Amino acid sequence: ENELPSRWRFVDGEREYDWFPAGTLGEFKNGRRELFSGRDLTNWYSYMRGRGRESDPKWVFTVEKGAIRCTSEEPGALTTYESFDGGKLEVEFRGVSADAKLGVRTGCKGPCGAVDGYLMAGSGGEFSASGGTNRWNAVSVDVKPGKIQLVNLKGELEIRRVTLLKP
């Protein structure tokens, strides 16, 4: 009787989107798999320059109002725990600061992290996009086998959807 619905529908003034509570992210539905719940960072770990994996004492990555909030406190990245075989990745983000820039990397193998605001060298596809302040942007990236990484290259930004489409 007190169970949460398996997904909720939100309207933010610009569009409607689904919010998936933690624990419901593991399945493809209609060829899509949500990698961000809108509630927490389940499925992701942080990697901070000079601190390493899962050490984010300055709270660079948080979840607020259904979006991942990335501050410019220090360079860092969010990386999936899981590796993927392919497909297409769709990411919706917006700049909170005018200089916001998001990096998306696929095909990460081994430890994946950010160094001095740039993506670490290694195999994998890399993509970056700048977002206008407070305007939602969508990017689509081919997923290479391996982990997926979101890097806050510059400024402050928010990410509200990270969706994997079946290959």
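**Notes on the chain and strand β4**

I began with the surface: the protein chain exposes about 8,400 Å², and carbon and sulfur atoms supply 47% of that. Accessible areas come from the Shrake-Rupley method with a 1.4 Å probe, and for residues only the protein chains shown count as cover.

I noted that this is a predicted model, where local features need pLDDT of at least 70, side-chain atom pairs count only at pLDDT 80 or more, and totals for chains, interfaces and linings use all residues. Residues are numbered from 1 along each chain as its sequence is written, and side-chain values use heavy atoms, with hydrogens and water left out.

Next I looked up secondary structure and found zero helices and 16 strands in the protein chain. Helices (H or I, at least four residues) and strands (E, at least two) are DSSP runs, numbered from the N terminus.

Of the 167 residues, 49% are buried, meaning under 20% relative accessible area (1.4 Å probe, protein chains only).

Then I turned to β4, residues 44–48, where five of five residues are buried. W44, S46 and M48 point one way, Y45 and Y47 the other.

Which strands pair with β4? I count strands as paired if DSSP finds at least two bridges between them. β8 (residues 76–80) pairs with β4 in the antiparallel sense over five bridges, with T80 as the bridge partner of W44. β5 (residues 52–53) also runs antiparallel to β4, joined by two bridges, and there M48 has G52 as its bridge partner.

My last entry is the hairpin of β4 and β5: three residues lie between the strands, and G50 takes a positive phi near 80°.

Notes:
Buried means under 20% relative accessible area, exposed over 50%, partly exposed in between (1.4 Å probe, protein chains only).
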